[in-house]
Amino acid sequence: YLHLGAHRTGTTAFQAFLQANRARLAARGTALWLPADLRGGPLEALAARPGGRARALADLPLKRHLAQALARLEAAGHCRLIVSEENLLGTMAGCLAAAAPYPQAGARLARLGRLFSGRIVRVGIGLRGYDTWWASVMAFRLLRGGPVPDAALLDRLARSPRGWATDPRAPAPPAWRRRWRTVAAPPSASPPAAGRPAAAGRWPR
């Protein structure tokens with residue numbers, strides 16, 4: 001199971017909830033790969049930018065390492081794996097540079113499908129209002145010492161097409177994809193209360 005974020009949709013709270021219940025999940029055969037498990041290690045390359053011959057060659061040993069890691073989980077008695085890493089879909093810096101949310105989403109999902117050799121059962125993503133998402137992304141960059149958004153960037157964002165599916169190669173949402181909208185929750189609410197499933201029907205844009 002892949003949880004792709006998105007950034008600024010309560011992902012950190014959800015990951016903290018998973019971490020707090022890691023032992024309980026493991027007892028039921030579910031392993032976790034969270035950012036702390038992936039970043040700084042050999043599997044960090046799962047979030048690398050797709051494309052190019054060099055990337056394809058680098059993915060060969062990565063795929064072998066991934067297969068070995070999955071085999072070790074199975075040998076330890078795990079029958080499920082939840083991978084929660086928002087950078088798998090792209091970075092906030094990349095979104096701001098392109099003035100579009102996750103412009104390589106389709107290529108990234110296709111690459112993950114190849115790396116996991118068809119083992120992916122479901123992909124989940126949390127969404128929020130398009131306008132408040134951009135405001136949150138820019139505020140986060142400011143908190144990290146980034147520049148104040150200039151008029152040119154704001155103009156590009158205002159003129160860019162509205163929607164989440166910005167990659168023309170992105171496939172239509174298959175049955176195994178799950179999405180939910182982030183909604184307001186009181187500060188004392190537990191992480192599961194901070195989001196609820198999106199209404200059935202069209203893929204949210």
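**Note on a predicted model: helices, loops and contacts**

1. Helices H7 and H8 are roughly antiparallel to each other, a label kept for angles over 145 degrees, whereas those under 35 are roughly parallel, 65 to 115 roughly perpendicular and the rest oblique. Helix H7 covers residues 130–143 and helix H8 covers residues 151–159, and the two pack at an angle of about 155° with their axes 12 Å apart. Angles run from 0 to 180 degrees between N-to-C directions of axes fitted to C-alpha atoms, for helices over the stretch in contact.

2. This is a predicted model, in which local features need pLDDT of at least 70 and side-chain atom pairs count only at pLDDT 80 or more, while totals for chains, interfaces and linings use all residues. Residues are numbered from 1 along each chain as its sequence is written, and side-chain values use heavy atoms, with hydrogens and water left out.

3. The residues that bring H7 and H8 together can be named on both sides. From H7 come Trp134, Met138 and Arg141, and these meet Leu153, Leu154 and Leu157 of H8, a contact being heavy atoms within 4.5 Å.

4. For the chain as a whole, the protein has eight helices and six strands, which are DSSP runs (H or I, at least four residues, for helices; E, at least two, for strands) numbered from the N terminus. Read from the N terminus on, the order is β-α-α-β-α-α-β-α-α-β-α-α-β-β. Among contacts between residues at least 6 apart in sequence, 73% join residues that are at least 24 apart.

5. Of the 205 residues of the protein chain, 39% count as buried, that is, under 20% relative accessible area, with exposed meaning over 50% and partly exposed in between (1.4 Å probe, protein chains only). Helix H6 (residues 105–115) deserves a look here, since eight of its 11 residues are buried, so this helix is largely enclosed by the rest of the structure. The buried residues of H6 include Ala105, Arg108, Arg111 and Leu115. After H6 comes Ser117, whose phi is positive, near 50°.

6. Which residues does Gly90 touch, not counting those up to four places away in sequence? They are His7, Tyr102 and Arg108. Gly90 lies in the loop between S3 and H5 and is buried, with a relative accessible area of 6%. Its C-alpha atom and that of Ala105, 15 residues apart along the chain, are separated by 7.2 Å.

7. Asn87 is found in the loop between strand S3 (80–84) and helix H5 (92–98). Leaving aside neighbours within four places in sequence, Asn87 is in contact with His7, Arg39, Ala47 and Arg108. The C-alpha atoms of Asn87 and Ala48 are separated by 8.6 Å, although these residues are 39 apart along the chain.

8. Helix H4 (residues 53–75) holds Arg55, and it also holds Ala67. Arg55 is buried, with a relative accessible area of 18%, whereas Ala67, at 43% relative accessibility, counts as partly exposed. Beyond its neighbours within four places in sequence, Arg55 is in contact with Ala45, Ala48, Arg49, Pro50 and Arg111. Ala67 and Leu115 are 48 residues apart in sequence and 8.6 Å apart in space, C-alpha to C-alpha.
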